[in-house]
Amino acid sequence: MSRNFKLFKKMIGLVLLASVIGACGGGDDPPTGDGAPIADTGTSTSPQIAIDSSTGKAIAVWVQHDGTSDSIFAQRFAANGSLLGTSTPIKTGNGTSTSPQIAVDSSTGNAIAVWVQHDGTANTIFANFYTASSTSWGTSTPITTGADAVASPQIAFGPNGNAIAVWSQTNGTTTSIFANRFIATSTWEGAIKLDAEDLGEAISPQVAINSNNNAIVVWSQEDDIATTTSVRSIWARQFIDNSWGTSTLIETNNAGDAESPQVAIDSVGNALVVWSQGNSTTTSSISSIFAARYIAVGSNNGWRPPELIETAGTREGEDALFPQVA
C-alpha cells in the first residue's frame, strides 16, 4: 500500500468522523488514535474530499448548520494528514446549501468547490475558488441562471487551471444536463445545455478531464418523456479540442433502466464508463454492472458496445449497484 493511499485513507476517516460527530451533536470526549473531529458544532453531513496528487495535501468540504441555515464548510489537510488551520465557511448568503463537491488542480494546489444553494427564489449552483498561494477562499458565485431548480453538481479540474462543472436542471417540464467551464483567468464561460435531444428526464451527471483538457460528461436519460414505459439509457458528450461535440447514446439495451454512471479518462483520451442496469422495467427488476469503452485514436476509434462485467443474483434484492471507476 502506497504512502499517499494511506494518507488518503486517514483523511477520509477524518472527514467521515466529522460527519458522524456533527450528526450526533458533538461530545465531551475527543476521539483517540488517528481520527479527530473537524466539525463538532452543529449537524454535519455530506463530506467530500479531494487530494493534490503533487503534494499530498487535501481539502474537505461538507454541509454544516451555522446557527442560521445549512452552510458549506472547508478544511485543509497537510500531506501527513494533520489539519491546516481551522474549518472555514465558504458560502455567501443565508440560503440553505446541500450537495457539496470539490476538485483540486494538482499543478497549482488551487481548488473549486460547488454546491446547491437556495438563493431566495430557487436552488442555484454556487462555486467558490480556493487560491493555494494565499491559502484563501474567494467569494461564492452563482454559475447558473434563471429560476429553474438544480441538483447533483459535479466538478473536475484539467491542466492549466481549467475546470468543468456539471449538474441537472429542471425547467418545470423535464430535467436536463448543463455544464459550465471555468477558465484559468478566473472566469466562468456560462452554462450550456448538453442533452440536446430533449428526450426525457436527464439525471446523475458525471465529468472527467484528462491532461490534454479533453473531457467526457455522462448521464442517465429517459428515452421518451411522453410515455409511461420510458427506459433510462446512458448518454455521453465530449469536450475535445476546445469545443463540445454532440451527445451520443452509448447504451441501447432497453431491457431495464441504466443508472448511476461513472466515467474515467486517460491522457490519450481513452475512456471507460460504468453503470448499473436492470433486466426489466418491472418492480422486480434486478440490476447488473455494465461498462463501455471509448477508443480515442486509430482507425477503429469511437465507442465500443457495452459489456456485462458483473452479473447480479437471480432473486429480487440481489442487485449490483453504484459502480465506481478510476
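## Salt bridges

A salt bridge is counted here where a side-chain nitrogen of Lys or Arg lies within 4 Å of a carboxyl oxygen of Asp or Glu. The structure is a predicted model, in which local features need pLDDT of at least 70 and side-chain atom pairs count only at pLDDT 80 or more, while totals for chains, interfaces and linings use all residues. Residues are numbered from 1 along each chain as its sequence is written, and side-chain values use heavy atoms, with hydrogens and water left out. By the salt-bridge rule the count comes to four. In one of them aspartate 195 is joined to lysine 193, with 3.9 Å between the closest N and O atoms. For accessibility, buried means under 20% relative accessible area, exposed means over 50%, and partly exposed is in between, with a 1.4 Å probe and protein chains only. Aspartate 195 has a relative accessible area of 1% and is therefore buried, whereas lysine 193, with a relative accessible area of 30%, is partly exposed.

Arginine 232 forms a salt bridge with glutamate 201, in which the closest N and O atoms are 2.3 Å apart. This pair links distant parts of the chain, since arginine 232 belongs to strand S17 (residues 232-240) and glutamate 201 to the loop between strand S14 (192-193) and strand S15 (202-209), 31 residues apart. Strands, here and below, are DSSP runs (E, at least two residues), numbered from the N terminus. Arginine 232 counts as buried because its relative accessibility is 10%, whereas glutamate 201, at 28% relative accessibility, counts as partly exposed. Glutamate 222 also forms a salt bridge with arginine 232, the closest N and O atoms being 3.9 Å apart.

## Aromatic pairs

A pair of aromatic rings is described by the distance of the centres and the angle of the planes. Rings of Phe, Tyr and Trp (its six-membered ring) pair if their centres lie within 6.5 Å, and planes under 30 degrees apart count as stacked, over 60 as edge-to-face and the rest as tilted. The count by this rule comes to eight aromatic pairs. One of them joins tryptophan 62 and phenylalanine 73, whose ring centres are 6.4 Å apart and whose planes meet at 20°, so the pair is stacked. Because tryptophan 62 lies in strand S2 (residues 58-65) and phenylalanine 73 in strand S3 (residues 70-77), the pair ties together parts that are 11 residues apart in sequence. Both partners are covered: tryptophan 62 counts as buried at 2% relative accessibility, and phenylalanine 73 counts as buried at 10%.

Tryptophan 167 and phenylalanine 178 form another stacked pair, with 6.3 Å from centre to centre and 10° between the planes. This pair links distant parts of the chain, namely strand S11 (residues 163-170) with tryptophan 167 and strand S12 (residues 175-183) with phenylalanine 178, 11 residues apart. Tryptophan 167 is buried, with a relative accessible area of 0%, and phenylalanine 178 also counts as buried, at 16% relative accessibility. Elsewhere, ring pairs link Phe129, Phe182 and Trp188 into a cluster.

## Strand S6 and its partners

Strand S6 (residues 111-118) is mostly covered, with seven of its eight residues buried. Two strands are taken to pair if DSSP finds at least two bridges between them. Strand S5 (residues 97-104) runs antiparallel to S6 and is joined to S6 by six bridges, and isoleucine 102 stands opposite alanine 113 in S6. The two strands form a hairpin with six residues between them, and glycine 109 in the turn has a positive phi of about 85°.

S6 also pairs with strand S7 (residues 123-131) in the antiparallel sense, over eight bridges, and here alanine 113 stands opposite asparagine 128 in S7. The hairpin of S6 and S7 has four residues between the strands, and glycine 120 takes a positive phi near 105°.

## The cavity

A cavity is a set of points, on a 1 Å grid over the protein atoms alone, where a 1.4 Å probe fits but cannot get out, and its lining residues have an atom within 4 Å of a point. The count comes to one cavity of 30 Å³ or more. The largest cavity has a volume of about 40 Å³, a volume being the space filled by probe spheres set on the grid points, which are joined across faces, edges and corners. Its lining consists of Asn162, Ala163, Ile164, Arg181, Ile209, Asn213, Ala215 and Phe239.

Note on methods:
1 Å grid on protein atoms, 1.4 Å probe; cavity = no way out; pocket = protein on both sides within 12 Å on 5 of 7 lines; lining within 4 Å.
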